[in-house]
Amino acid sequence: MSFSIRSPKDIAVGLFYVGLGAAAVFIARDYPMGTAGRMGPGYFPSLIGSGLVLLGLTAVLRSFLTEGDPVDRVHWRPLLLISASIVVFALMLSRLGLVVDLALLIAIAALARNDARLSVVGSACAAFLIAFCAIVFVKGLGLPIPLFGTWLGA
């Protein structure tokens, strides 16, 4: 019995997920796990990493069983802009604060589309997302994230 890859896209995504999940589990192994009721810092990354490995293995198995699409060319603009928005968010959070930094993240990530334009609906969705994150993470969970950062005089 011979095995042949029938869905190159599934095997590529599956191997990516397996690698990402295995890296998360590997990094989290040095942190205390805790219990489900009292989670340690290694609990969540191990749980998510294990889930990614299982999802990846499922995609790899599927690549041998079902016909699928070939791997497309890499779309560099969205890849680079979305990655850049995350890096800018991480670097600027304490300087700009959550509200301004999330607005910047959304604006940079939105430029990943070729037909990006400012719209009322998009702006309303962004405002809702920013307010939701501020309420959940800063007020609800009490995370020490400034709403407005040091560069804004807060």
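In helix 4, the buried residues are A126, I130, C133, A134 and V138. Buried means under 20% relative accessible area, exposed means over 50%, and partly exposed lies in between (1.4 Å probe, protein chains only). Helices are DSSP runs of H or I with at least four residues, strands are runs of E with at least two, and both are numbered from the N terminus. The structure is a predicted model: local features need pLDDT of at least 70, side-chain atom pairs count only at pLDDT 80 or more, and totals for chains, interfaces and linings use all residues. Residues are numbered from 1 along each chain as its sequence is written, and side-chain values use heavy atoms, with hydrogens and water left out.

What do the buried residues of helix 4 pack against? They pack against helix 3. Contact here means heavy atoms within 4.5 Å. Helix 4 has 21 residues and spans 28 Å from its first C-alpha to its last. That is close to the 30 Å expected at 1.5 Å a residue. The expected span is 1.5 Å times one less than the number of residues in the helix.

## Helix 3: a bent helix

Helix 3 covers residues 76–110, 35 residues in total. A straight helix would reach 51 Å at 1.5 Å a residue, but the end C-alpha atoms of helix 3 are only 14 Å apart. Where does helix 3 bend? The bend is at G97, by about 125 degrees. A bend is the angle between axes fitted to the seven residues ending at a residue and the seven starting there.

G97 is itself one of the buried residues of helix 3. An α-helix has 3.6 residues a turn, so residues three or four places apart point the same way.

A109 is found in helix 3. A109 counts as partly exposed because its relative accessibility is 24%. Leaving out residues up to four places away in sequence, A109 touches I82 and S85. A109 and S123 are 14 residues apart in sequence, and their C-alpha atoms are 13 Å apart in space.

A107 also has its place in helix 3. A107 has a relative accessible area of 41%, so it is partly exposed. A107 and R117 are 10 residues apart along the chain. Their C-alpha atoms are separated by 10.0 Å.

## D10 in helix 1

D10 sits in helix 1 (residues 8–28). Is D10 buried or exposed? D10 is buried, because its relative accessible area is 16%. Leaving aside neighbours within four places in sequence, D10 is in contact with A59, V60, R62, S63 and T66.

## Salt bridges

How many salt bridges does a search of the whole structure find? The search finds four. A salt bridge is a side-chain nitrogen of Lys or Arg within 4 Å of a carboxyl oxygen of Asp or Glu. One of them joins the side chains of E67 and R6, at 3.0 Å from N to O. This pair links distant parts of the chain, 61 residues apart. E67 is in the loop between helix 2 (43–65) and helix 3, while R6 is in the segment before helix 1. E67 is exposed at 60% relative accessibility, and R6 is partly exposed at 34%.

R29 and D30 form another salt bridge, at 3.6 Å from N to O. D30 is exposed, with a relative accessible area of 59%. D115 and R113 also meet in a salt bridge, at 2.9 Å. D115 is partly exposed at 49%, whereas R113 is exposed at 53%.

## Domains and annotations

The domain assignment gives domain 1 (8–65) and domain 2 (76–152). Such bounds come from an automatic or database assignment. The centres of the two domains, taken over C-alpha atoms, are separated by 27 Å.

An unreviewed UniProt entry carries the annotation "domain: DUF1468" for residues 12–146. UniProt positions follow the numbering used here, feature names are shortened, and annotations may be inferred rather than shown by experiment. Residues 12–146 are 71% helix and 0% strand, with end C-alpha atoms 39 Å apart. The UniProt annotation "transmembrane region" (unreviewed entry) covers residues 12–31, 43–65, 86–112 and 118–138. Residues 12–31 are 85% helix and 0% strand, with end C-alpha atoms 30 Å apart. Residues 43–65 are 100% helix and 0% strand, and their end C-alpha atoms lie 33 Å apart.
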